[in-house]
Amino acid sequence: MTGLSFDVSHLLAGALVLVSFLLLYQNRLFALLNVFALQAVVLSLSVAWQAYVQGAPHLYITAAIALAFKAIIIPVALHRIIARLGIHRDVENVVGIGPTMLAGLALVALSVVVMLRVASEADALAREDLAFALSVVLLGMLMMVVRRNAVSMVVGFMSLENGLILAAAGAKGMPLVVEISVAFSVLVAFTVIGVFLFRISERFDTVDARALDQFQGDRQ
Amino acid sequence: MTAFPFDGVTAILALPAATAALLAFLPGYRISATVNMVSAFATFVAASSFFLIKPASGVYFLVDDLNIVFIVLNTFVAFTTSVFSASYIAHELEIGRLTPTHLRFYHAMYQALLFAMNLALVANNIGLMWVAIEMATLTTVAMVGIYRTNEAIEAAWKYFILGSVGIALALFGTILVYMAARPIVGEGLDGMVWTTLIKRVPEFEPALLNLAFVFLMLGYGTKVGLAPLHAWLPDAHAEGPTPISAVLSGLLLNVALYAVLRFKLLLDANANAIAPGPLMATLGIVSLIFAAFMLYRRRDIKRLFAFSSIEHMGIIVFAFGMGGPLANFAGLLHMTMHSLTKSAIFFTVGHIAQAKGTQKIADIRGLTVSHPVLGWSLILGVFAIAGLPPLGIFTSEFLVVTSTFARAPWLAIPLVFGLILAFGALILRLQGMAFGEPSPGDKPTTASSLPIAAHLGLVLMAGLYLPPPLVAWFQHVAAMLR
Amino acid sequence: MSALALLLGCDAALLALGLVAMVVAKRKRGSFFVYAAALALCSALLAGGAYHLLGRQAPVGLMLPLGLPWIGANFRLDALSAFFVTVVNLGAVAASLYGLGYGRHERDPERVLPFFPAFLAGMNLVLLADDAYTFLLSWEFMSLASWALVMAHHREPGNQRAGYVYIVMASFGTMSLLLAFGLLAGASGAYTFQAMREASPTAGVAALALMLALAGAGSKAGLAPLHVWLPLAHPAAPSHVSALMSGVMTKVAVYGFIRIVFDLAGPADWRWSVPVLAVGAATGLIGVLHALMQTDLKRVLAFSTIENIGLVFVALGLALAFKASGMGGAAALAMTAALFHSLNHALFKSLLFLGAGAVLTATGERRMGRLGGLLNRMPVTGFFMLVGCTAISALPPLNGFVSEWLMLQAILLSPQFPQWPLKLLTPAVGAIVALVAALAAACFVRAFGIPFLGRPRSREAEAAREVDRYSLVAMGALAILCLLAGIFPGAIIDTLKPVALAATGANMPMQAKIPWLSIVPIAESRSSYNGLLVFIFIAASATLAASAIHRLASDALRRAPAWDCGFPDPNPATQYTAESFSQPIRRVLGGFVFRARESLDMPAPGEMRPASYHFALRDPIWDAIYLPIVAVVTNLSIRLNRLQFLTIRQYLSVVFGALVALLLILAAWP
Amino acid sequence: MIDLAVNLVFQLLQMLLVIGLAPLLTGLVRKAKARLLRRQGPPLIQPYRDLARLARKEAVVAEGASWLFRIVPYLVFASTWVAAALIPTFATGLLFSWSADLIAIIALLGAARFFLALAGLDVGTSFGGLGSSREAMFATLAEPAMIVIVFSLALIAGSTQLSTVAAFMASSAVGLRVTLGMALIALIIVAVAENGRIPVDNPATHLELTMVHEAMILEYSGRHLAVIELASMLKLLLYISLIACVFTPWGLAIADASIRDRLLGAGIYVVKLGVAGLMLAVFETSIAKMRVFRVPDFLGAALMLGFLGALLLFVSRSLK
C-alpha cells in the first residue's frame, strides 16, 4: 500500500470520527439528519476508496448502498416522519453537550489505547482504521445513550453501524461485507419503520404516546 | 469441495426453509400445525442421523461433536414444542387472540426460526453464523409481537432494539477476529472459517482477540440473556405466545451460548490472549444472583420463568467459564436439562394460563386441587429447574458446585448463595400456585401432556441414569472445551 | 444374596409402592394396602439391618450402574449403616402399623399415600449410599418426599409456610453437604466414600468439612440456629409422618454427621469439637425452653426433638474431643451414648407423636388448652403416652435415663482432657445437660398432665374415645421397647460396639461379662447402673407397700367431689392450663430467652370489665438471624427490581457501561 | 455364698432401718422446732401414730381422678425407698449399691417428683396445678445444681458410685478442701429446697398460696396420704444420710467390715441423724420463708457454688 492511499483512507476515517463528534454536537433534529447524511457520504467515500485500493469491486456496492440508503433515503424518510408526526424539533439531551463531547474524547482515547496494545506487526492501516472504527462505534452508542429522541437514537444506531461498515471495509479481503451491509440496512429500515409504524413520536421507550407509562411489565 | 453437500446438513436446513415457504401460503391452521409438526419431526430425525453419519465439514458448514449436541437437542425441543403448539394455538384461535392470518404467519415464522437456528449451529463461517443469529432474532421479534397488544409490541420493540445493538457488537467482534486472522490465515473466506481459525489461532495477535472477545461476549451475551444485558428477555418471554417462550428459553439462548462457546475455544487456544473463563464466570455469577433476586418480585408467571432462564444461563456460562472436564460436562448437561425442563415448564404454564385465563401468579392458586395433572407437572418442573433430585439439573448442579468448591472456594460461596436464593423464590411462588384453596377459573384445556411428560421423563431419567454413550459423548466434548 | 441386596430390593419395592399408591390411593382399601405393604417391606428392612448388626457381619458393598456414570451408584452396608437402618425401620414399622388404622381418617389419601413409602425409601437409601452423589440424591429425595407430606394438608393455615421454610432450610443443608463433599472429593471429583477415606484430607480440610457437615446435617437434625423449620414442619404432617420425621429422619441427619465427620473427613483438631459441643448444648436448652412454652401438643414434641438432638450432638462433640485427644475408651463411651440416645429418641418420640396422633383422631384437637381428662377416656393410649413421657424425661428405669446417664458419665471424664478449654467447657455443658433434663421432665409433666389429666376442657375432649387397635399395637410395641432398652441396656451397648469401634477406633468394656446385667462405662468402681434391678426394686417395693397397706390397714375407697381446700369450682376453666403451668419457668428463664412480656390488666374492685392477662414471646433466633435475612433479601430484591423497569435508553446505557468497563479493563490489562 | 447372704441381710436391714427411722427423724425435727418456739410439741412418735391413723382410714378419691392418681403414692414411695436403699447409711458396699450411682439416685428422686407432679394435675383443681408447676420450677434448678455437686465429688473421688465416694472420703487421702465446703453448702441448699423446708416451703402449712408440696397432695387422703407422707419423710432422711455419708463418713463401715463394725456404724448413723435433725430445726426456726420467685436465686446460688467448687478444684490441681 502506498503512502498516499494510506493517507487518504486515514483521512477519510478520521473525517468519519470528526463527523461523529459533529453529530453529538447537534441540538436540532434537522441539522442532525443533515450531519448524518454527511457522515454517510464520508463513509461511502471511504468504502469506495477501500474498494479502489484493495481492488475489491464488490465494496463499490457497499459504498453505493451507503450513499443511496443512508445519505438520501433514510434522512429524507426521517425528515418526513418528523414532519408527519409533528415531533418536537429539538434534540433532548440527558447529558449536556459539553460533558458529552468530553466523554466522546475519552472514548476516542480509550479506543486508541486499546488498539495500541495490538502488537506492531499487525499492519498499521488496519490498526488505525480499527481505532477509528471503534471510535465511531463507541460514539454512536454514546449518542444512543445520551439522546432522548427516537430519531436521534436511530441516528446514533446508524452511526454505530457506519463504524461497523468502516471496519468491515477496512478489513482487507473480508468476505460477506456486502451481505452484512445489506443485512444491516434491513435492520435500520426496520427501526425506521418501527418508529413510524408505532408512532414513537418522542421517546424510544414506548410504542405509543398513549401507552406512555401505562405498561411496565409486571411492575408492582 | 461442494459448498452445499446434499446430506443431513442440507436436510436440517432445507426442510425448515421449504416448510416455512409452504406454510406461508397454506391456509387452515389445523393442517399447518400438522405440517409444522411433521416437518419438525423430520428435521429431528435428520439431525439424529448425525450420530450415525457425521457429515463432512466444508467452509460453510461444520458438524463436529460439539454442535451435534446442540443440533439434536434443538431439533428435538423444536419438535416437541411444535406438538405443544398444535394443542395450544387452537385455543388461542378460539378465544380470538389470534386470527387465521396470524397463525399462517406464526407457523411460517416458526419454521424460519428453526432454519435460522439450525444454520447458526452448523455454520462453520463466523460471518454466516452472525447472519443466522440475526435472522433468528428478527423472526422471534416478529413472533413476540404477534398478539399486537401494546404490551406485546413494546416487548418486541425492546427486544428488537437491544438485540440489534447486541448483534452490532457481535459483528464488530467478528470483524476483529477476521482482522486477527488475516495476517496469518490470509485474506478471503478462510479468515472466517472456524475450523481454519482454530488451527492457526495460536499465532494470532492476542490483543485483537481479547478485544474481539469483549465484543462477542457482550454481543452474543445479550442474546444469551446474561445480566446486565438481559433486559429484553423477560418481556419477550412473557408477551409472546407460549410456544415461542419455550423456544426462546429452550433453544435460542442455547444457540447464542453456542456462539459464545465457539469463540471461547478460539481464545483458549491462544496462549497469550486473556483467558475468557474469568469473564464468563463473573457474568455467570452476576446473572445468577441478579436473576435470583429478581425472582422474588415477579407477579407474572411467564416472567418468573424467564428470569429463571437468566439464572440458569448464568449457571451454564459459569460452568463453562470454570472449565475443566467436570465443570464443562456439567455445563453441557445443565444446558441440555435446562432446555428440556424449561420448555416443559412453559408448556405447562401455557396450559395453566389458558385454564385460569391469567398469567398473574396471584390469581393462580390451588392448581393441584383444580387441575391435578397441570399442578403436579408444574411442581415436578419447578423442582427440576430448582435443582432438586432425582431430576437432571441436580446432577449438573452437584458437579458444578462440588468441582468449584474444590478448585475455587471463594467462587462457590456466591454460587451456592445464588442457588439457594433462586430456590427460595421459585418454591415460594410454586407453593402459592400449586397449593391452597383453588382460585376460580376452571376452563377445560385441550392440554397435550405428551410433550410435558416426554421432557420431564427424560429429565427424571437423566437424574438417575445417564446412558454411557451420552456420557462418553459429553465427556469428549467437555475435553474439547477444555 | 447379601443383606445389602435385600435392603436395596426392599427400597426399590418401596419406591414402586409409591407409584402403585398413586393409582390405588383413592380406592376403598387402598390405604390399608399401602400401609400393609409398607409394613411388610419395613419389617424386612428391619430384619436385614438387625441381622447385619447383631450378626456382626463384615461390611458389604454393591455398585449399580445408576447415578453418576463414571462412579455408578455405590451402596455399602456396614455396622454404622446397619444400626441406623435398624433404628429407622423400627420407627417405620411402628408408623406403618399405626397407619393401618390412622390412615382411614385421612381426607386426602392421594396426597399422603404415594409419598409415605417414598419417604421411607429415601431415608433408607441415605443410610446405604456409599458415594456423595447417591447420598445427596437420596438425602434430598427424602426431604422432598417429607415436604410433600408436610404439604398434604396444604389448606390448613400455616402449613404452606411450614413447608416453605422447611424446603428452603433443607436446600441450605443440602448445599452445605454438597460443599463438604466437594471439599472431600477434591478437584478431580473422587466422589466415592472409599476414595474420600483413602484421600486422608489435611487438618484444615477436615475442620472445614466438619463445620459444613455440622451446618448441613445440623439443619436437617434441627440444631440451633438452623432449627426454625422443624417445629413448623413436623407438626404439620400427618401424625405418623410426624413420628417418622421427628423420631427417625433426624436420626438420618445424625447418621450423615457421623458418616462425614467420623468416617470420611479424618481426624480434626480438638478445637473443632468446641463448636459442636456448644451448639449441641445451646440447641438442647433452646429446644426444651421452647417446648415448655408451646401450647400445641405436636409443637411441644417437635421442640423436644430439637432438645434431644442437641443432647446427641453434645455426646458427638464429646466423642470428637475425646477422639482428638487420644482417649479412645472415653470416645467410645460418648459415641455409644450418642447412638443409644438416638435409638431411644427414635423410640419414645415416635411413640409420643403416635400418641398425639391418637389424641388428634379422638378429639380433633392439638391445642392443649382444649384437652384434659383423656386418661379416663383413652386409658391405653394414656398409659403408653405416660411411658413415653417418663422415658423422654430421662427417668429410671426407662431407656431415656440410660443414654443420658452414659452421656453424663462421659462428661464426668472431662478432667482428663489435656486441653484447658475443654476441661472448663465440658462441666458447663454437663450442667446444661442436667438443666435440660430437668426442664424436659417439667415439660413432659405438662405435656402429659394437661391433656390427659384433670378435667376435660372442651366438649371434644369430653367425648373422646379410645383409638383403633392397630394404633394401640404400634404404640404398645414402642412402649415395650422403651422399657426393654431401659432394663437391658448392656445388650444394646454391646450391639453398638462395632459401630463405636468403627467411628472412634476404641471400645467400651464388654457389658455381657459384667454380673447382674449391670452396665459399666469405664470401671465398676467408678460408676455402674443396673436398670433391671432398679426396675425390679421399684416394682417390688411398690407392690409390697400397696399389698401391705391393703392387707394390714384399710382398702376402703370412696369417691367424692374434689376437696380443693374447700373451694371446689365446677368450671374446668379454673384448672391450671399449659400456659399457667409454665408461668414460673417463663418468669425465671423466659425473660432473657424469649424476651417475654407479661401484662396484667386487673380492674379495680367494683369495675365490671373482665381482668385480662397477656403474654408475648419472641424467638430471639428468628428475630436476630432470619428476619434480617428476609429483610435484606426483600430490600435488595425491591431495589434491584427497579432495574427491570428502565427505559430502553437506560438499558442501552447499561450495555454501553459494561462495554466501556470491559474496554477499560482491557486497556489497563498488564 | 455366706458373704452374699450376710450382705443381703444387711441390705434388707438397712432398708428397714431407713423406713423405720424416717418418721422418727421427722418427729424429732418437729419436736425440736416446737421446743425452740417454747411450745410443748407433739411426742417424738407422733408421726408413727399419724401414719397408722391415716392408713386405717377410708381413702377418699376425687371424682374424675384417674387410675394414675391411685398408683402414684406407691410409685413415689417405691422410688424414694429404692433411692434411700442405695445410700450407704451405716456401711458401704452393700449388696445393691452397685446397681445405681449418685446420678441414678438423683434421677430416682426425680421420678418420684415427676409422678407427684402428675398427681397434682390429675384432679383438675387450681391448687394441684399450682403445686405441680412450682415444684417443676424448683426441680429444674435443683437438678443441675445437684449434678454440678456430683461433678465436684466425682472429680475428688474419681467416682459417682456413692460407696466408692464414701470410702474415699473416709480415707485419709482427702484433706480439707474449699471445694468440699462449697459442695456441702450447695448440697444443703438443694436438700432444703428438695424437701420443701423453710425458707423454700413450709411443710407445716395449709391454705396458703405459697405452699408447694402440700398443694400437690391436697386431694390425697387416707392410706394414699400416709404413703406419700412416709415417702417425704424418707426423702428427708435420704438427704441427711447423703450429706452424712459424703461429708461425715466417720464410723461408716467399709465394705467387708465385720458385723460388729457394721452394728457400730448403725449406731453412729442414728446419732448423726439426730444431730442433723436438731440442726435443721434450729435452721428452720431462725429464718423466714422466702417468696416463691426468690427461690430460683437461692437455688442459683447452689448452682454457682457447685460450679465454683469444680473450678477451684481445677485450679488447685493445676497448682499442684
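**Entry 1: chain C, overall**

I began with chain C: 80% of its contacts with a separation of 6 or more join residues 24 or more positions apart. I count two residues as in contact if their C-beta atoms, placed from the backbone, lie within 7 Å. I note that this is a predicted model, in which local features need pLDDT of at least 70, side-chain atom pairs count only at pLDDT 80 or more, and totals for chains, interfaces and linings use all residues. Residues are numbered from 1 along each chain as its sequence is written, while chains are lettered from A and ligands numbered from 1 in the order in which they are written.

I looked up the secondary structure of chain C and found 25 helices and five strands. The radius of gyration of chain C is 27 Å, close to the 26 Å of the globule rule for 670 residues, so chain C is as compact as a globular protein of that length. That radius is taken over C-alpha atoms, and the rule is 2.2 Å times the number of residues to the power 0.38. Helices (H or I, at least four residues) and strands (E, at least two) are DSSP runs, numbered from the N terminus.

I read the extent of the C-alpha trace of chain C along its principal axes as about 100 × 70 × 60 Å. Of its 670 residues, 61% count as buried. Buried means 20 or more other C-beta atoms within 10 Å of the residue's own; exposed means 12 or fewer, and partly exposed lies in between, with C-beta atoms placed from the backbone.

**Entry 2: strands and a helix of chain C**

I went to strand E2 (residues 73-77) of chain C, where five of the five residues are buried. Ala73(C), Phe75(C) and Leu77(C) cover one side, Asn74(C) and Arg76(C) the other, and all are buried. Strand E1 (residues 60-64) of chain C is joined to E2(C) by five bridges and runs antiparallel to it. Strands pair if DSSP finds at least two bridges between them. I found Phe75(C), in E2(C), as the bridge partner of Leu62(C).

I then checked the length of helix H25 (residues 648-668) of chain C. Its 21 residues should span 30 Å at 1.5 Å a residue, and its end C-alpha atoms are 30 Å apart, which agrees. The expected span is 1.5 Å times one less than the number of residues. Buried residues in H25(C) include Ile648(C), Tyr651(C), Leu652(C), Val655(C) and Leu659(C). Arg649(C) is also buried.

**Entry 3: which chains touch**

Ala, Val, Leu, Ile, Met, Phe, Trp, Tyr, Cys and Pro count as nonpolar, Asp, Glu, Lys and Arg as charged, and the others, Gly among them, as polar.

Strand E3 (residues 557-560) of chain C runs parallel to E1(D), with four bridges. Val61(D), in E1(D), is the bridge partner of Arg559(C).

Chain C also contacts chain A, with twelve residues of chain C against 13 residues of chain A. The chain C side there holds eight nonpolar, three polar and one charged. Chains A and D do not touch, with their nearest C-alpha atoms 52 Å apart. Nor does any contact join chains B and D, whose closest C-alpha atoms lie 40 Å apart.

**Entry 4: chain A**

I counted seven helices and zero strands in chain A. Of its 220 residues, 50% are buried. Residues 24 or more positions apart make 72% of its contacts with a separation of 6 or more.

I picked Leu142(A), in helix H5 (residues 124-146) of chain A. Leu142(A) counts as buried because it has 25 C-beta neighbours inside 10 Å. Beyond neighbours within four places in sequence, Leu142(A) is in contact with Ala103(A), Gly104(A) and Leu107(A). Phe184(A) is 42 residues from Leu142(A) in sequence and 19 Å away in space, C-alpha to C-alpha.
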